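Let's take a look at the aromatic rings in this one. Have the model open while you read.

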Amino acid sequence: MSSSGSKHITRTLWRKHGTLITPWLFDRPRSCRNFNNIYNHKPFIFYCALARSHFVSSAATVQVLAPAQDHVSTRTITSNNITTTTATGTETTTTSRRYNKRNNGSTTDRRQCNDPLKERLSTLKIENATQKDLDTIWKLFIQRDLELQQQASTLTTTELTPPPIVFPPLVTALFRLIAQKGTMDMMDTLHKRFLHPDLMLLRVEDIEWVIFANIRHNKTGRAHRILNDMYNSGKTPTLETYHHFFREHGKYLHNKRRRHIIDYLVDDMRRRGVHPTIKTYMQLLTTEAQRGSSRERIQIWVDEMMALEGKTREFQIKRKQAQLMKLVHILSNHAHPGLYTVLHKGVNVGLEFDMSTWNKAIVTFARIGNVDNANEILNLFRQQRHKMMMGLNTTYHSLIRAYLNTKPVCMDAAIQTFQLMLQDGIVIDESIYNTFLLAYTKHDDQMEVDDELRIKTLRQLFRVSSKLNKDVPDVIVERLFNFYIERQVLSEAEQLYWDLRYNHDNGQPQQRISRRLQGRVFDTIEAFASKQQLLSAFSLMYDLLANDYWPNSRSVCAIIKGCGARRDLDAAEQLLSIMEDIASDKVRPVVYATLKCEQGIALRRKQEEEEQ
């Protein structure tokens with residue numbers, strides 16, 4: 001019809017006195033040009049969307065019931081003014097249409113129509129929420145819910161009372177807040193309040209946070225029951241829902257039942273049409289690497305992860321390679337048997353591991369004595385050695401040290417690795433020989449080699465090491481002296497001293513012996529004297545004195561006692577005379593006392609022989 005004389009069509013579509021709308025309906029998603037106002041749940045602002053509609057005339061009016069407040073107001077909105085009728089009187093405010101369109105109402109109108117609960121939820125960053133924020137929002141929710149139930153009790157209708165908020169994003173935000181920050185009682189109350197079969201308010205995302213809250217409070221069985229309820233209602237869980245279950249059951253992966261549950265969930269999510277992603281497989285693989293020991297599970301999940309297809313193949317390959325690199329480090333830290341599988345898969349897809357990764361992977365198994373896995377990775381590494389020749393020396397050294405530092409010592413594996421070094425043409429420096437020297441001088445319970453072979457091997461290793469490096473570390477020489485003295489192989493200890501003193505190639509004296517090693521030489525002299533092998537004892541003693549090494553009193557006293565036992569105190573007196581000529585002030589009184597005591601013993605022995 002025409003607008004002149006006959007009734008406009010909008011007069012028929014909309015009743016002249018306006019439309020009556022309940023507050024909770026504004027939470028429903030509606031088409032509106034200014035979405036922020038609808039999202040912030042400002043009921044009165046909904047008029048602005050209606051006022052701009054082509055189906056509402058300028059003379060039409062809309063009545064909107066604001067949320068429950070301390071006062072009651074009725075607003076009649078026309079094209080030119082806003083009339084507010086309150087208990088105290090009537091106030092008329094004149095505003096232009098352009099102002100209403102731009103600002104969606106005055107500040108006073110917005111303040112009166114805002115819902116505090118919705119305002120707090122819409123502006124809250126849940127990850128930064130505090131306990132105070134949680135208490136405030138929960139208090140507002142309970143208060144608003146009681147108000148709605150009281151209003152419903154005064155009506156004769158039998159319809160279910162909706163909760164305070166039904167706008168899906170805010171409902172999900174509330175569930176997430178309670179699940180992450182709240183208690184289990186809060187979540188139970190919230191969950192029961194939204195269980196309206198007719199209203200269908202709960203979405204899959206909301207149920208996910210209910211499951212998370214149950215898992216967080218160690219109610220895993222209850223979480224599984226909720227998951228089954230989702231299955232029965234025809235809903236498909238989100239991928240993150242399964243991730244929550246994987247994280248929880250992964251903490252107890254040593255339990256056989258928990259492992260079966262994880263396998264069942266993986267199969268179940270495929271049946272439900274939820275496809276695992278790289279994140280899913282990395283979560284499963286990380287859990288298995290940290291708490292499991294199944295090589296087959298690593299093999300299956302790595303193959304499935306590498307078979308995933310993405311939108312961009314190049315990006316997907318780079319992402320998978322980065323995840324494989326991360327997984328290798330995790331497996332290396334826990335010495336998982338599946339490490340070889342991941343390394344082999346990475347090599348096949350063209351991933352180049354650096355030297356530190358190879359070294360860590362090999363040495364990890366060598367340190368725990370797992371020779372088979374270490375050799376398996378070593379053989380894989382040797383196939384790639386043409387790409388990293390510079391790092392082979394470090395790898396072999398680290399592997400040999402790891403074998404020789406285990407308990408018990410893996411000597412056979414270390415020797416086999418040493419032979420591989422010779423086959424690969426690796427230059428062997430003195431550090432390898434020194435490592436073998438330290439290993440061969442360990443206690444008998446850590447070495448399954450007889451003493452004769454050990455002594456022969458030690459002699460050869462020391463000579464090779466001394467040729468490569470004239471300055472053999474004192475700690476190794478000291479260990480050798482101790483080994484020979486403990487086993488009373490004093491001839492080897494004496495030979496070690498001459499090897500230290502003179503160079504076998506030209507017979508020239510080498511560097512001076514440190515004070516640390518001088519003590520071990522004096523111990524050797526004392527051991528010779530106690531066994532009455534005075535020739536070797538005097539040989540070492542006179543060589544020390546000739547090269548300005550002053551002996552300790554204990555070794556000198558041992559020689560004096562040995563001479564007394566051999567009835568050759570003249571040799572002891574001669575040694576003492578030489579020492580007095582060199583430095584008489586350095587001779588201790590205990591030396592003279594020992595000599596006098598031995599002379600007394602010799603005199604009594606002589607008298608007894610004469611009496612007989």
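Are Phe-418 and Phe-436 buried or exposed? Both of them are buried. Keep in mind that this is a predicted model.

Phe-418 belongs to helix α21 (residues 411-423) and Phe-436 to helix α22 (residues 430-440), so the contact ties together parts that are 18 residues apart in sequence.

Tyr-497 and Trp-498 give another edge-to-face pair, because their planes sit at 70 degrees, with the centres 5.0 Å apart. As for burial, Tyr-497 has 1% relative accessibility and counts as buried, while Trp-498 comes out as partly exposed at 22%. The line between those two classes is 20% relative accessible area.

Here are the two pairs side by side:

| Ring pair | Centre distance | Plane angle | Geometry |
|---|---|---|---|
| Tyr-497 and Trp-498 | 5.0 Å | 70 degrees | edge-to-face |

Ring pairs can also join up into a group: Trp-138, Phe-141, Phe-175 and Phe-194 are linked this way into a cluster.

Which residues put a charge over a ring? Arg-272 is one of them, lying over the face of Tyr-231 at 3.7 Å from the ring centre. Lys-586 is another, with its charged end over the ring of Trp-550, 5.6 Å from the centre.

Key: Residues numbered from 1 in each chain as written. Predicted model: local features only at pLDDT ≥ 70, side-chain atom pairs only at ≥ 80, totals over all residues. Heavy atoms only, no water. Helix = DSSP H or I, 4+ residues; strand = E, 2+ residues; numbered from the N terminus. Buried < 20%, exposed > 50% of the residue type's maximum accessible area, 1.4 Å probe, protein only. Phe/Tyr/Trp six-rings, centres within 6.5 Å; stacked < 30°, edge-to-face > 60°. Lys NZ or Arg CZ within 6 Å of the ring centre and 35° of its normal.
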